[in-house]
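Subject: Model handover and findings

Hello,

Here is the structure for your files. My notes follow below it.

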Amino acid sequence: MPKFSENEKKIIREKLFTEGERLFTLHGIKKVTVDDLVNAAGIAKGSFYAFYTNKEHLYMDISESLQKQVWNDMDDFLEKNRNLNTKEITKRVLMYSFSQLYKYPMLLQNTGETTDYLFRKLPKEVIEAHTREDGNELLRLQKYGVRFRYGIEVTAKVLQALALSFFQLESEKNDSNHKVFEIMVNGIVNEIVGDEND
């Protein structure tokens, strides 16, 4: 296993993220190989495996990083809308965050087929860590008075299912899909977010 300085690790990781996002966006997770990734990043194959067990793990790390950017973009939105009631701010935040996905085309590829593929290829602990990370991001909403009726893990999984529905609707390119998604968001928020006096 190669040894790297902290600076070398940072540079290699940045190259893998940049080239991985580019390649995964262009070709999708299934068509990109580890050889494609190391050639694009200009690193040895052994160096890749010093960081990741497989391409799916890299894909998941890039996805998580992009999702964090979406959540970070949301902070200003939350501040501007902090006077709304908790259900309304949650609805708007969800609609806003999903609209932000268009800035990150790789995330728009996360169809049910992609998710099934990742679940088959990745260790259970990687998937669980991703769900925990989604849950941690949801805790941001609590600063704005949002209280979930269910535990964070259940809430995160509900919103992951909502995300899969969003990606499915996106792939269909139907004029009514935005309204369908909005109805789904309204229903889910009404169920998972407690009333102000709960």
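A polar contact of 2.9 Å links the side chains of Asp-195 and Lys-87. (A polar contact is a pair of N or O atoms within 3.5 Å; within protein, one must be able to donate a hydrogen and the other to accept it, and residues adjacent in sequence count only if both atoms are side-chain atoms.)

Please note that this is a predicted model: local features need pLDDT of at least 70, side-chain atom pairs count only at pLDDT 80 or more, and totals for chains, interfaces and linings use all residues. Residues are numbered from 1 along each chain as its sequence is written, and side-chain values use heavy atoms, with hydrogens and water left out.

Back to Asp-195. This residue sits in the segment after H9. (Helices are DSSP runs of H or I, at least four residues, numbered from the N terminus.) Asp-195 is partly exposed, at 35% relative accessibility. (Buried means under 20% relative accessible area, exposed over 50%, partly exposed in between, with a 1.4 Å probe and protein chains only.) Beyond its neighbours within four places in sequence, Asp-195 is in contact with Lys-87 and Arg-149. (Contact means heavy atoms within 4.5 Å.)

Next, the aromatics. The whole structure holds 10 aromatic pairs. (Rings of Phe, Tyr and Trp, the last by its six-membered ring, pair if their centres lie within 6.5 Å; planes under 30 degrees apart are stacked, over 60 edge-to-face, the rest tilted.) One of them joins Phe-4 and Phe-51: tilted, 5.6 Å centre to centre, 35° between the planes. Phe-4 lies in the segment before helix H1 (6-27) and Phe-51 in helix H3 (residues 45-51), so this pair ties together parts 47 residues apart in sequence. Phe-51 is buried, at 14% relative accessibility.

Phe-166 and Phe-181 also pair, edge-to-face, at 5.2 Å centre to centre and 65° between the planes. Phe-166 belongs to helix H8 and Phe-181 to helix H9 (residues 177-192), so the pair ties together parts 15 residues apart in sequence. Phe-166 is buried at 6%. Phe-181 is buried too, at 4%.

Last, the largest pocket. (A pocket is an open set of points on a 1 Å grid over the protein atoms alone, where a 1.4 Å probe fits, with protein on both sides within 12 Å along at least five of seven lines; lining residues have an atom within 4 Å of a point.) The largest pocket holds about 600 Å³ of space. Its lining has 26 residues, with Gln-67, His-130, Asp-134, Gln-160 and Ala-163 nearest the centre.

Best wishes

Conventions:
Points joined across faces, edges and corners; volume = space filled by probe spheres on them. Helix = DSSP H or I, 4+ residues; strand = E, 2+ residues; numbered from the N terminus.
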